[in-house]
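Here is my note on the model. Please read it with the structure open beside you.

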Amino acid sequence: MRPTRRAIVLAGVCALAVWLAATFGARSLNAVVVPGVVALAAGAVQLRLADRPTIDRHQPTAGFPGESRTIEIEIDADDALTARIDETIDDDLGTDFSPTRRALPATLEYDIELAERGEHRLGPLTLTATDVLGLFTREFTYARRTPVLVYPECYRLAGMNEAFGGHDPFDDREAFDELREYVPGDSLRDVHWKSSAKRDDLVVMEFDSAADASEVTVAAEAVAGYDDAMAAAAASIVTHLLDAGFAVELVYPGGRIEQAGGDPQRERVLRTLARAGPGRVEANDADIHVLADAGGTHVTVADRETPFDRLTGGRPTPAAADGGRRS
């Protein structure tokens with residue numbers, strides 16, 4: 001607990017009044033000394049006996065570079081205090097936050113911008129509490145740090161036909177076999193719309209070895225300093241495959257995500273690639289191989305290599321990573 005400048009000035013005035021009273025016998029100065037001493041004592045006791053305030057910082061949802069999040073911190077206190085609130089925020093998160101003074105309890109809100117891929121942190125938070133008279137301060141530190149996860153940039157893929165010799169290697173199923181009636185759970189990409197229109201009912205195309213063809217393994221690796229490019233390319237390719245109805249396995253430096261499909265797999269892949277670093281992988285049987293190094297980011301399918309830039313349809317967009325559900 002520390003005295004404020006106001007307390008130091010008040011203590012000085014009281015000391016001066018006592019000296020004057022002792023020197024010149026001006027007992028009326030007690031009217032200054034007594035209230036001043038009482039105020040100093042009251043402020044010190046109030047702050048000393050105050051319970052530690054509690055804070056609850058709500059964790060923001062993960063997102064993509066360029067998005068923003070509103071951070072909400074609820075501060076609860078049983079005593080009538082005011083406090084200066086100071087929050088430590090990682091440099092890779094843009095923010096409009098600045099230290100602020102509030103009467104407690106209070107709810108504090110500020111915005112952050114998700115800028116760089118990775119797991120970033122909010123906190124620790126410091127409350128510098130002041131008694132009601134503003135005479136003393138007491139510091140409370142909350143060491144807990146809240147993670148903020150930023151996904152890799154995700155691109156819509158286009159131009160695969162041209163890049164890979166006239167066909168999309170990410171949609172390379174076996175030959176068409178027959179038509180059958182649609183049943184719930186069938187992928188809409190297999191609907192034969194022309195035949196469905198004639199029958200007034202949905203029919204889907206059957207393919208030979210469809211189960212094997214719908215499973216894809218993607219291997220991603222990068223040399224040091226190029227892991228952001230690797231993560232962006234791998235995330236774009238995996239989400240493209242998941243949107244097409246494939247079950248995808250991802251092999252990345254330091255681990256592997258087992259084969260699965262759908263939105264849960266999309267979330268697992270994005271969260272993993274948000275944290276993935278550089279390194280090599282052992283995945284000789286991978287269907288799709290991504291390598292990022294000083295020569296750029298390249299994608300290899302069936303021994304045919306192409307720069308990742310030739311597969312992208314434009315600037316990165318969150319919609320590419322969540323099936324276009326965002327507006």
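1. Which residue takes a positive phi in the hairpin of strand 8 and strand 9? Gly134 does, with a phi near 70°. Five residues lie between the two strands of this hairpin. Strands here are DSSP runs of E with at least two residues, and helices are runs of H or I with at least four; both are numbered from the N terminus.

2. A word on the ground rules. This is a predicted model, in which local features need pLDDT of at least 70, side-chain atom pairs count only at pLDDT 80 or more, and totals for chains, interfaces and linings use all residues. Residues are numbered from 1 along each chain as its sequence is written, and side-chain values use heavy atoms, with hydrogens and water left out.

3. Stay with strand 8 (residues 118-130). Six bridges tie it to strand 9 (residues 136-142), and the two run antiparallel. Two strands count as paired if DSSP finds at least two bridges between them. Look for Leu125, which stands opposite Tyr142 in strand 9.

4. Now turn to strand 3 (residues 68-76). In a regular strand, side chains alternate between the two faces of the sheet. The covered face of strand 3 holds Arg69, Ile71, Ile73 and Ile75. Its uncovered face holds Ser68, Thr70, Glu72, Glu74 and Asp76.

5. What pairs with strand 3? Strand 2 (residues 54-57) does, antiparallel, over four bridges. Ile55 has Ile75 in strand 3 as its bridge partner. Strand 7 (residues 106-114) pairs with strand 3 as well, antiparallel and over eight bridges. Glu72 stands opposite Glu109 in strand 7.

6. How many salt bridges does the structure hold? Twelve. The test is a side-chain nitrogen of Lys or Arg within 4 Å of a carboxyl oxygen of Asp or Glu. One of them joins Arg57 to Glu87, with the closest N and O atoms 2.8 Å apart. This pair links distant parts of the chain: Arg57 is in strand 2, Glu87 is in strand 4, and they are 30 residues apart. Arg57 and Glu87 are both buried. Buried means under 20% relative accessible area, exposed means over 50%, and partly exposed lies in between (1.4 Å probe, protein chains only).

7. Why does Arg145 count as partly exposed? Because its relative accessibility is 37%.

8. Arg117, Asp227 and Asp228 are linked in a network of salt bridges.
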